[in-house]
Amino acid sequence: MRRIPRFVRFGGLLGLALWGAAALGMAQSLSRLPKDFVFRSADGPGPVTFSHETHVAVQERPDCVTCHPKLFKTLAPGATTDGRPVTHAEMEQKRQCGACHDGKQAVGLDDCTHCHRSP
Ligand code: HEC
Ligand code: HEC
Ligand code: HEC
């Protein structure tokens, strides 16, 4: 039987894009990671900056699939995979950032200024 490359099985184009980006990340330095993404809604207490540099340990293992495509899209910056905007109602159900920011794996949702910082 012909072997199907792993990235094709993983999900076609997106898999290929991630695989390429991950390979790049491994070969190069932290500066190759995507730039910070700022979440900002009118009713939030201040912008929330998501940084790949604080979430990805490139030197160890650039584990992109912890978040992509399970939680967040890569080809549509700012978009979640479930299609719903990032809100606390979602995060409290352990979705989106709340998959980790539960007070155990990472700082919990009660520590407002950990995420919301003045503009
Ligand atoms: C802890 C979760 C997490 C991990 C791990 C992670 N990302 Fe992301 N990534 C995000 C979030 C959040 C965004 C911004 C919101 C969105 O695009 O959905 C994002 C956005 C992106 C984007 C679009 C950004 C842009 O400006 O075009 C790319 C490309 C991307 N990530 C690639 C990667 C690669 C490659 C890795 C592994 C080296 C990785 N990500 C690891 C959460 C993560
Ligand atoms: C793990 C990061 C994180 C923490 C901690 C956090 N937030 Fe948020 N919050 C977000 C993100 C991301 C959004 C979506 C973007 C935005 O609205 O700025 C958001 C949105 C909001 C919104 C808009 C409406 C909603 O329900 O989503 C309010 C209000 C809010 N946060 C208040 C708070 C308060 C008050 C605290 C502390 C008790 C807090 N946040 C802690 C990340 C966080
Ligand atoms: C795969 C697990 C995971 C996901 C998903 C995740 N985080 Fe984190 N995050 C961590 C860990 C672990 C740390 C380091 C410990 C800490 O600060 O809680 C961290 C640290 C942070 C910090 C402090 C460091 C910094 O960059 O200033 C912020 C802010 C943050 N996360 C925001 C977010 C936002 C916003 C999202 C969703 C868009 C998100 N995180 C999704 C695991 C995660």
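This is a predicted model: local features need pLDDT of at least 70, side-chain atom pairs count only at pLDDT 80 or more; totals for chains, interfaces and linings use all residues.
Biologist: Then why is H116 called buried?

Modeller: Its relative accessible area is 18%, and the cut-off is under 20%, so H116 counts as buried.

Biologist: And what makes H88 buried or exposed, or something in between?

Modeller: H88 has 35% relative accessibility. That value lies between the limits of 20% and 50%, so H88 is partly exposed.

Biologist: How do you know which residues are the protein donors of the iron atom of ligand 2?

Modeller: A donor is an N, O or S atom within 2.8 Å of the metal. The NE2 atoms of H88 and H116 lie 1.9 to 2.0 Å from that iron atom, and these two residues are its protein donors. They come from distant parts of the chain, 28 residues apart: H88 is in helix α3, and H116 is in the segment after α4.

Biologist: What makes the site of the iron atom of ligand 3 octahedral?

Modeller: Six donors count as octahedral if opposite ones are over 155 degrees apart and all others lie between 65 and 115. Around the iron atom of ligand 3, the six donor atoms subtend angles of 87 to 180°, so the arrangement is octahedral. The sites of ligand 2 and ligand 1 are octahedral as well, each with angles of 86 to 179° among six donor atoms.

Biologist: Which residues does the protein give to the iron atom of ligand 3?

Modeller: H55 and H101, each through NE2, at 2.0 Å. H55 sits in helix α2 and H101 in the loop between α3 and α4, 46 residues apart.

Biologist: Why do H55 and H101 get the labels they do?

Modeller: H55 is at 44% relative accessibility, between the two limits, so it is partly exposed. H101 has 17%, under the 20% limit, so it is buried.

Biologist: What about the pair that coordinates the iron atom of ligand 1?

Modeller: Here H52 and H68 coordinate through NE2 at 2.0 Å. H52 belongs to helix α2 and H68 to the loop between α2 and α3, 16 residues apart. H52 is at 16% and H68 at 14%; both values are under 20%, so both residues count as buried.

Biologist: How many disulfides are there?

Modeller: The count is zero. A pair would need its sulfur atoms within 2.5 Å.

Biologist: Why are C100 and C112 called partly exposed?

Modeller: C100 has 29% relative accessibility and C112 has a relative accessible area of 47%. Each lies between 20% and 50%, so each is partly exposed.

Biologist: What lines the second largest pocket?

Modeller: There are 23 lining residues, with V48, V86, H88, M91 and H116 nearest the centre. Helices α3 and α4 are the elements that give two or more residues to this lining. By type, the lining holds 12 nonpolar, eight polar and three charged residues. The space inside is about 470 Å³.

Biologist: And the chain as a whole?

Modeller: It has four helices and two strands, in the order α-β-β-α-α-α from the N terminus. Of its 119 residues, 20% count as buried.

Definitions and conventions:
Residues are numbered from 1 along each chain as its sequence is written. Chains are lettered from A and ligands numbered from 1 in the order in which they are written. Side-chain values use heavy atoms; hydrogens and water are left out. Donors are N, O and S atoms within 2.8 Å of the metal (3.2 Å for Na, K and Ca); water is not among the atoms, so sites may look incomplete. Four donors count as tetrahedral if all angles lie between 85 and 135 degrees; four count as square planar and six as octahedral if opposite donors are over 155 degrees apart and all others between 65 and 115; anything else is irregular. Buried means under 20% relative accessible area, exposed over 50%, partly exposed in between (1.4 Å probe, protein chains only). On a 1 Å grid over the protein atoms alone, a cavity is a set of points where a 1.4 Å probe fits but cannot get out, and a pocket is an open set with protein on both sides within 12 Å along at least five of seven lines; lining residues have an atom within 4 Å of a point. Grid points are joined across faces, edges and corners, and a volume is the space filled by probe spheres set on the points. Ala, Val, Leu, Ile, Met, Phe, Trp, Tyr, Cys and Pro count as nonpolar, Asp, Glu, Lys and Arg as charged, and the others, Gly among them, as polar.
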